[in-house]
Amino acid sequence: MFGFGDLLRVDLSTETIRREAIPLEMRRRYLGGGGINGRLLWEHFLDVDPKTDPRGPDNVLIVGLGPLGGTPFGFGSKTKFTFKSPAYGLFGDSVSGAGFGPAMRWAGFDHLVVTGKATHPVYLWIDDGRVELRDARHLWGKNALEAEHVIKRELYDEEVHTALIGRAGENLVGYASITVGGHRAAGRSGGGCVMGSKNLKALVARGRTGLPVADAAAFLAAMDEVQRRIDKLPVVIDNWRRLGTLRSVDFYDLIHCNAYKNGQLSAMPKEANAKLNGAAYVKDLIGHAVSCSPGCSTACSAWQRIRGFESAAAKHFAGEQGPKPEYLTVASLGVGTDVRDLPAVIHLNRLCFDYGLDLVEMGNGISFLMECWEKGIISAADLESWLGEPANLDWGNWEVAAKVIEAVGNQSNELGRMLKDNVVGAARRLEDRTGQAALKYVNYGKAGATFSEDPRSFPGWACNMAVASRGADHLKGFAPVEKTGRKDISTAWFGHPEAGELHGVALKGALSARAENVNCATNAAGVCTFIPTRDSLIFGHDLLAAGVSALSGISFSEDDLYNIGERICNMEKAFNSRLGLRRSDDALCDRWMNVPAPDGPGKGMKVADWLVQVLDEYYAHKGWDKATGLQRRAKLVELGLDDVADVLAAENALVD
Amino acid sequence: MIEIKAVYHAVFEELAGRRGEQIALDQSSFGALIEQLDLRYGRSFGDTLLDRRTGYFKSGVIALANGRQLEPSTALADGDEVVFLVAMAGGSAPDAVL
């Protein structure tokens, strides 16, 4: 089939490997990436109890990259990892750049399903059409960067692409991530923990088969159109190429949504901002621009080498190399913790890559500990007993932050074990230990940490976090309509401008509902969400539809893609409904719900004041039941998901 | 008469040829400020920022007064700091630019 690859099934318990074609009908309905992954996850848990332990052998790891991934289309390649989340106990997924997914596709496989558990550590080696499980006992105990080096050496090829775990995954830390290519991560939801629970140290791929294209001339024309539209936004794209997501550090201070010091304030002091913003990175650290994945024409990332004089802490990390920190990196490890030292933040980022830990959950955990220290919930005696030496958790203490990361990754002491599952779990264990209230200092939703953005005065953003199918995620409904005041996009989408009001409530539920569908389709196509969301009026899904159609020879329209996105969202929702989630679960933590925003133009706003209105609108636009938050049969039938409706109805998780 | 502080970033710094300035306004609206800047730097300043027909910000750019969203009818107050920038991008440090 032009443009599409096969499905690879690997059962680690029986050591069987099977190649299957993916039916055309599945392509039409789910396209690829997170779409087909989601369908495969659903089907897996028809045979397996969805309430199964996500760290047990019955969980599944599914990897997929959509059809435009691994091609030079222009929007990069984003590989989706899907599983039941050990971090949240719900639907789990995570997206990564780098080369593993593309190499898998170049080897002929679009999707990989791993089941069972190996008797000893193994890694999966996909070498074009040849696939084998190899002994990984010599890799067990090594962190990600060293393990990748050893694998490349033993395969005599520096160009193989890896997705592997560090010690955090081996030690079954709930939010262990998958380090991809040594410089990107499938961070959220705990995919690394799932790999560790299966004794699966790494996925390795080398692909030289290539991708047959149905209509090369039309595909080149679609690529040209991508470039033509990029050229329509020189101001935006030039800035994006120079700074990438890091540019949000100071914009978010201006609009007051940086969750400074664990969200106690919503903007940093100017002197802290100046140490962490994009200008500081460009001035002292930037090396050369790189793209994080194949096929990207904007290359918003970069590579740096710390020389040792860039900051007070830099001398400790002289010679360390790595990728440019993203905004999420700085927010999680610098804004929330008040570590005002960019090289130190970069070092902590590298530690998380190496151990394989989700930056959001880990950074939030460190910020949480620092606030508990400030409030006197954690004592000096507690900390000394955990670390074996006197220490403090003062704001900005990067050295103790590094020790927390190592403790979690190694599971070497009580502190690490306290943080094993997620930050909510850590707070509960701390409450048990101290008898003091601590959960109110965790910023979370559905047991997942919210990353260091304050949503209290941004109703659209708060709605995204409250309804996300994985814990408190900000990207599922990502659309810079609200925060960048895009009343033109709001008018185009809804006929009214209100979704483009920074702090307005009207149309924010509708915005989340629509953006989720759009973003799911973007991932199903295999590309990065960040360029399409720069401006959805310019980078509409007509571009993706043209690319996929030319590649595959199968006609997909813009409307087809939107419907695919909506179908994917409904699959994720249905999975969580089977686990008992209802409307009351679409909420956020105490700080975001009940504590008024402390500063800025949205001062005094809090989520509890308007969440009911926003959720009502969200469910209405989804076609779901407002009272329960459950799906309605009519919507599922409209999407051709009658079989899903039947399963939900049998489990009292559907409104007829 | 009010006086505001204008801070320019990215393309607006290029258009104005400076990083910021104090501006006196007879009328205290954001629209009046844009008219003033059009006179100083040419209509390309306002054209870069706004769709003149709707008053909405153009793709990827924004202006904020002390973090508040603006449109032409928005009232400005004496001492307001109005920042022109690429949305989602920098920057801060306005104290250093005047």
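Residues are numbered from 1 along each chain as its sequence is written, while chains are lettered from A, and ligands numbered from 1, in the order in which they are written. Because the model is predicted, local features need pLDDT of at least 70 and side-chain atom pairs count only at pLDDT 80 or more, whereas totals for chains, interfaces and linings use all residues.

View 1. Five strands of chain B form an open sheet in the order β2-β1-β5-β3-β4, and the pairing is mixed. Strands here are DSSP runs of E with at least two residues, helices are runs of H or I with at least four, and both are numbered from the N terminus; two strands pair if DSSP finds at least two bridges between them. At the edges are β2 (20–25) and β4 (68–69) of chain B, each of which pairs on one side only. Strand β1 (residues 2–8) of chain B runs parallel to β5 (residues 81–86) of chain B, and four bridges join them; Ala6(B) stands opposite Val82(B) of β5(B). Helix α2 (residues 30–41) of chain B packs on this sheet, where it touches β1, β2 and β5 of chain B, and its direction makes about 115 degrees with that of β2(B). Such angles run from 0 to 180 degrees between N-to-C directions, the axes being lines fitted to C-alpha atoms, for helices over the stretch in contact.

**View 2. A positive phi in a loop of chain B.** Asn66(B) lies in the loop between β3 (61–65) and β4 of chain B, and its phi is near 50 degrees, a positive value in a residue other than glycine. Asn66(B) counts as partly exposed because it has 15 C-beta neighbours inside 10 Å; a residue is buried with 20 or more other C-beta atoms within 10 Å of its own, exposed with 12 or fewer, and partly exposed in between, with C-beta atoms placed from the backbone.

**View 3. The contact between chains A and B.** In this interface, 33 residues of chain A are in contact with 24 residues of chain B, contact being defined by C-beta atoms, placed from the backbone, that lie within 7 Å. The elements of chain A that give two or more residues to the side touching chain B are α8 (234–243), α9 (248–255), α11 (270–276), α12 (278–284) and α21 (487–494), and α9(A) gives the most, with six residues. By class, this side of chain A has 14 nonpolar, nine polar and 10 charged residues, where Ala, Val, Leu, Ile, Met, Phe, Trp, Tyr, Cys and Pro count as nonpolar, Asp, Glu, Lys and Arg as charged, and the others, Gly among them, as polar.

View 4. Six bridges join strand β7 (residues 122–127) of chain A to β8(A), and the two run antiparallel; the bridge partner of Leu124(A) in β8(A) is Leu133(A). In the loop between α4 (144–154) and β9 (161–164) of chain A lies Tyr156(A), whose phi is positive, near 55 degrees, in a residue other than glycine. Tyr156(A) counts as exposed because it has 7 C-beta neighbours inside 10 Å.

View 5. Helix α15 (residues 359–374) of chain A has 16 residues, which should span 22 Å at 1.5 Å a residue, and its end C-alpha atoms are 22 Å apart, in agreement; the expected span is 1.5 Å times one less than the number of residues. Of the 16 residues of α15(A), 15 are buried, and just after this helix Gly376(A) takes a positive phi of about 85 degrees. Helix α22 (residues 508–525) of chain A has 18 residues and reaches 26 Å from its first C-alpha to its last, close to the expected 26 Å. In α22(A), 18 of 18 residues are buried, and the helix is followed by Gly526(A), whose phi is positive, near 100 degrees.

Key
Contact = placed C-beta atoms within 7 Å.
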